[in-house]
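Please look over the surface patches and the aromatic ring pairs of the model shown here. The briefing that follows takes these topics in turn.

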Amino acid sequence: IAKVDNEIDKAEKKIASLKKKQEFLEEASAKPPIEESSSEAQPKHRNLAQKIYAENRKRASAAHAVLTTLCSLGADPLPLYNQPSDAEVCREVQERHRMFKQRLLLHFRKIKTERAAKQCEITERYAQLSQEWTKRVDKLDASAKRKAKEAKNREFFEKVFPELRKQREDKERFNRVGSRIKSEADLEEIMDGLQEQAMEDKKMRSYAVIPPLMLDSRQRRLVFNNENGALIDMETEFKERLSLNVWTSGEKEIFREKFLQH
């Protein structure tokens, strides 16, 4: 029994000593580490660069001391790396990008192919409809009924507006003279007529506007709601703007004097 009591006493003493050691270590870890710069003997005469270096060392040691209570992996637990790609998070992002890149490229390629096919289909449809429309217009222009109606209308308008008759006669004379040139005057007249006709064609082409291609269903969903300049509460906005540029009596007087001097 005495032997067992002695072993119990030894175990209790050992436990008590371990608890004291644990408390001492906890207190030591809670206290900030002693700065090396304070223990080192400072030279009496230091230049400006040495003072700056000492201050930077002091700040760096204080910043590093914050991390000592967080982890104890080795002598220097700071997360040092040579390149950002050495970090685990960066490598995970690169790996996800490598796996997702092919899917993204296939998606963009599919959208581009579908858009090109849609544009080709619209272009072919437009060409077909334009050809059909041109044939119908030519057929209507070549009908005898339309020619008789145009001749009747031309005769009526030429009586009211004589300049139209003059323009028609000049055009017919130009077409007749174009086949035979006898003098420089005829050549100049033809050149003037061609230049005038080219300018007229250029003006008419400038008036024509090519409509944009129709958007597909995906592009029609992409809309932008422009709320620039939107007034949610007009009364509050008006009251706030009244106090934006308020002139004092002195500023008004200065403006009045400068305005009169000007």
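**Aromatic pairs and surface patches**

Trp247 is partly exposed, with a relative accessible area of 38%, where buried means under 20%, exposed over 50% and partly exposed in between (1.4 Å probe, protein chains only). The model is predicted, so local features need pLDDT of at least 70 and side-chain atom pairs count only at pLDDT 80 or more, while totals for chains, interfaces and linings use all residues. Residues are numbered from 1 along each chain as its sequence is written, and side-chain values use heavy atoms, without hydrogens and water.

Aromatic rings
- Rings of Phe, Tyr and Trp (its six-membered ring) pair if their centres lie within 6.5 Å, with planes under 30 degrees apart counted as stacked, over 60 as edge-to-face and the rest as tilted, and by this rule the count comes to 3 aromatic pairs.
- Phe156 and Phe157 form an edge-to-face pair because their ring centres are 5.5 Å apart and their planes stand at 75 degrees.
- The pair of Trp247 and Phe255 is also edge-to-face, with ring centres 5.1 Å apart and planes at 70 degrees.
- Ring pairs join Trp247, Phe255 and Phe259 into a cluster, in which Phe255 is partly exposed at 46% relative accessibility.

Nonpolar patch
- Phe156, Phe157, Val160, Phe161 and Leu164 make a nonpolar surface patch of about 470 Å², a patch being built from residues with over 30% relative accessible area and no salt bridge, with nonpolar side chains (Val, Leu, Ile, Met, Phe, Trp, Tyr) joined within 5 Å and like charges within 9 Å.
- A salt bridge here is a side-chain nitrogen of Lys or Arg within 4 Å of a carboxyl oxygen of Asp or Glu.
- Phe161 is partly exposed at 38% relative accessibility, and Phe157 is partly exposed at 41%.

Negative patch
- Glu184, Glu188, Asp192 and Glu196 gather in a surface patch of negative charge, and Asp192 is partly exposed, with a relative accessible area of 48%.

Methods. Areas by Shrake-Rupley, 256 points an atom, 1.4 Å probe, with all protein chains shown as cover. Lys, Arg positive; Asp, Glu negative; His and termini not counted. Charge placed at Lys NZ, Arg CZ, Asp CG, Glu CD.
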